[in-house]
Amino acid sequence: MKDRVTSFIFPALSLLGLVALWHFSIDLFAIPDYLLPRPSAVISHLKTGYIDGVFWPHFAFTLQSTITGYLLGCVSAILVGAVLAESRTFEKCFYPFIIALQSMPKVALAPLIIVWFGYGAASKVVMVALMCFFPLFVNTVVGIRQTDRQLVSMMQSFSAPASLVFFRVKLYAAAGHIFAGLQISIVLALIGAVVAEFVASSKGIGWLIQSSLANFNTAQMFAALLSLVAIGLVGTQTIQFLHRRVVFWEQAAPMTALPE
Amino acid sequence: MTQGRVLEVAGLAVVYQSNREPQRAVENCDISVGAGEFVSIIGPSGCGKSTLLSVVAGLLEATRGRVSILGSEVRGPRPEVGMVFQRPTLLPWMNVIENVLIPVRALGRNVEAHRQQAQDLLKLVGLGTHARHYPHELSGGMQQRVGLARALIHDPGLLLMDEPFAALDAMTRERMSLELQDIWMARRKTVLFITHSIPEAVFLSDRIAVMTPSPGRIEREIAIDLPRPRRVETLASPAFAALCGEIRETFNALAGEHA
């Protein structure tokens, strides 16, 4: 109990300290507003944004394309990963191309995706899906491949058909890896959404950041960035919670270092 | 085919293709096990005991020779076989009773119809109250008991046991031997048991086959005629010690030949 209280109070105290330091250093060093806004200015932007409601359409747009793209990317990554891990022929045909595509920075594809899928939500969804796909795909393949050989031969010794071995053994054995991939993909999904909005959009938190740049409204930029932090945090915490719940037989792996 | 023989292995050879030269793991191996008989194969580590068992289980193809179970040749895993492994190899995401029911599921039989039987088997192995536990909540000995119940659920004609107690501590191991004997006497299964422990083999078996290493083959068979049920006191009896001594001598003689 004491641990839980201090693990809440200590970060709150250090946050308070940082904000105070921020507040007072602006006057102390005479930092202009367009470089570093006052905390109060950021808070007032958050207030007009979320209480008066100016930010909501943007927030909803980004959230919606992120979630849709995330689900699309993750489901296809698990499906393609599972097929590839199980079929040598499929692997031989497609693995080289997948590796080639993986080694390309996906962010560089954003302009092309805008050309193909337009300025609306579709291009954002595709960009997010593309970002999510690779880490989860690789994790799914590795997870299925590293299934304990002895568990598989145990199943075979009892005449289990391959489908049963896959659905009752390999998929579960890969669950830890799959959840680690889902976790990495959350952050990548947000990057994808924001980048696509940077390139071409008339809505979204990414667009909000860009339009704040046009009139040097740094305070609004900060408020938009905080919104992204909130989405990212809720996303990763949710996945972590699900990870512990679903893969209850393993100690949940600590969050993996982020690629890209 | 000989009448009453559950398992028949004749002239078995298994050669592993490795990069350098073919490895002869088992050669000219003959053994047969009659109905209701408890036969142990004993031999040093790496003598091909597990290879032999994998072939009998239908997990590994024989290079030469014949293996037949209940009169028909083994070409793959068979429903008449139940196997207990060296490690418990339970699925960690399934609770105990679901793990016991794996062979039923694997054979495409009705799972619900076997649930009561699975519960009875768990009671038989002393885990009647642990059906809803998960493997990580059990000790090594308890996990191995689940493995035994699992190997019995589909009522196999032949029980294969690959050093099932090797990973357990000495105390648990002794108790498990006693329990296994009780279960065997209650169910009268045909058992092929693999071990490298001489006392364990003598305590449990009707007959012991001594295997020589590289390439593995059965060098000698010794009948164990100690009266059953054998008890803890049996372990201290002169007859028991004499049998252990005889097998140990056989081993030493063989080691001299192969050195």
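Two residues are in contact here if their C-beta atoms, placed from the backbone, lie within 7 Å. With that in hand, we can look at a first meeting place in this predicted model. In chain A, A:Ala110, A:Pro111, A:Ile113 and A:Ile114 of helix 5 meet A:Val195, A:Ala196 and A:Val199 of helix 9. Sorted by class, this contact has 7 nonpolar residues, with no polar and no charged ones.

How are these two helices arranged? Helix 5 (residues 110-117) and helix 9 (residues 175-199) of chain A pack at an angle of about 70°, and their axes are 9 Å apart. Angles of 65 to 115 degrees count as roughly perpendicular, and helix 5 and helix 9 of chain A are therefore roughly perpendicular to each other.

## Chain A as a whole

Stepping back, chain A has 11 helices and 0 strands. Its pattern along the sequence is accordingly written α-α-α-α-α-α-α-α-α-α-α. The C-alpha trace of chain A spans about 75 × 55 × 30 Å along its principal axes. Of its 260 residues, 38% count as buried. If you take the contacts in chain A with a separation of 6 or more, 78% of them join residues 24 or more positions apart.

Another pair to look at is helix 3 (residues 56-86) and helix 10 (residues 205-214) of chain A, whose axes come within 7 Å and cross at roughly 130°. Helix 3 and helix 10 of chain A are therefore oblique to each other. Helix 3 of chain A brings A:His58, A:Phe59 and A:Thr62 to the contact, while helix 10 of chain A brings A:Ile205, A:Gly206, A:Trp207 and A:Leu208. By class, the contact of helix 3 with helix 10 of chain A has 4 nonpolar, 3 polar and no charged residues.

## The sheet of chain B

Chain B holds an open sheet of 6 strands, in the order 6-7-8-3-9-10 and with mixed pairing. Which strands stand at the edges? They are strand 6 (81-84) and strand 10 (217-223) of chain B; each has a single partner strand, so one side of each is left without a neighbour in the sheet. On average, neighbouring strands of this sheet are turned by 20° against each other, direction ignored.

Two of the pairings can be followed residue by residue. Strand 3 (residues 38-42) and strand 8 (residues 190-195) of chain B pair in the parallel sense over 5 bridges, and B:Phe38 stands opposite B:Val191 in strand 8 of chain B. Strand 6 of chain B runs parallel to strand 7 (residues 158-162) of chain B, joined by 4 bridges, and B:Val84 stands opposite B:Met161 in strand 7 of chain B. Both faces of strand 6 of chain B are covered: B:Val81 and B:Met83 are buried on one side, and B:Gly82 and B:Val84 are buried on the other.

## Around B:Arg78

Where does B:Arg78 sit? Its place is in the loop between strand 5 (72-73) and strand 6 of chain B. B:Arg78 has 19 other C-beta atoms within 10 Å and is partly exposed, because a residue counts as buried only if there are 20 or more. Leaving aside residues up to four places away in sequence, B:Arg78 touches B:Gly58 and B:Ile69. B:Gly58 is 20 residues from B:Arg78 in sequence, and 7.0 Å from it in space, C-alpha to C-alpha.

## Domains of chain B

For chain B, the domain assignment gives domain 1 (37-62 + 72-80 + 158-259) and domain 2 (90-155). Their C-alpha centres lie 24 Å apart. Domain 1 of chain B puts 10 residues into the contact, and domain 2 of chain B puts in 8. On the side of domain 1 of chain B, helix 6 (residues 170-187) gives the most, with 4 residues. That side divides into 8 nonpolar, 1 polar and 1 charged residues.

## Where the chains meet

How many residues bring the two chains together? In all, 18 residues of chain B are in contact with 15 residues of chain A. Helix 3 (residues 102-106) of chain B gives the most to the side of chain B that touches chain A, with 4 residues. By class, this side of chain B has 14 nonpolar, 2 polar and 2 charged residues.

How values were computed. Residues are numbered from 1 along each chain as its sequence is written. Chains are lettered from A and ligands numbered from 1 in the order in which they are written. This is a predicted model: local features need pLDDT of at least 70, side-chain atom pairs count only at pLDDT 80 or more; totals for chains, interfaces and linings use all residues. Ala, Val, Leu, Ile, Met, Phe, Trp, Tyr, Cys and Pro count as nonpolar, Asp, Glu, Lys and Arg as charged, and the others, Gly among them, as polar. Axes are lines fitted to C-alpha atoms, for helices over the stretch in contact, and angles run from 0 to 180 degrees between N-to-C directions. Angles under 35 degrees count as roughly parallel, over 145 as roughly antiparallel, 65 to 115 as roughly perpendicular and the rest as oblique. Two strands pair if DSSP finds at least two bridges between them. A residue is buried if 20 or more other C-beta atoms lie within 10 Å of its own, exposed if 12 or fewer, and partly exposed in between; C-beta atoms are placed from the backbone. Domain bounds come from an automatic or database domain assignment.
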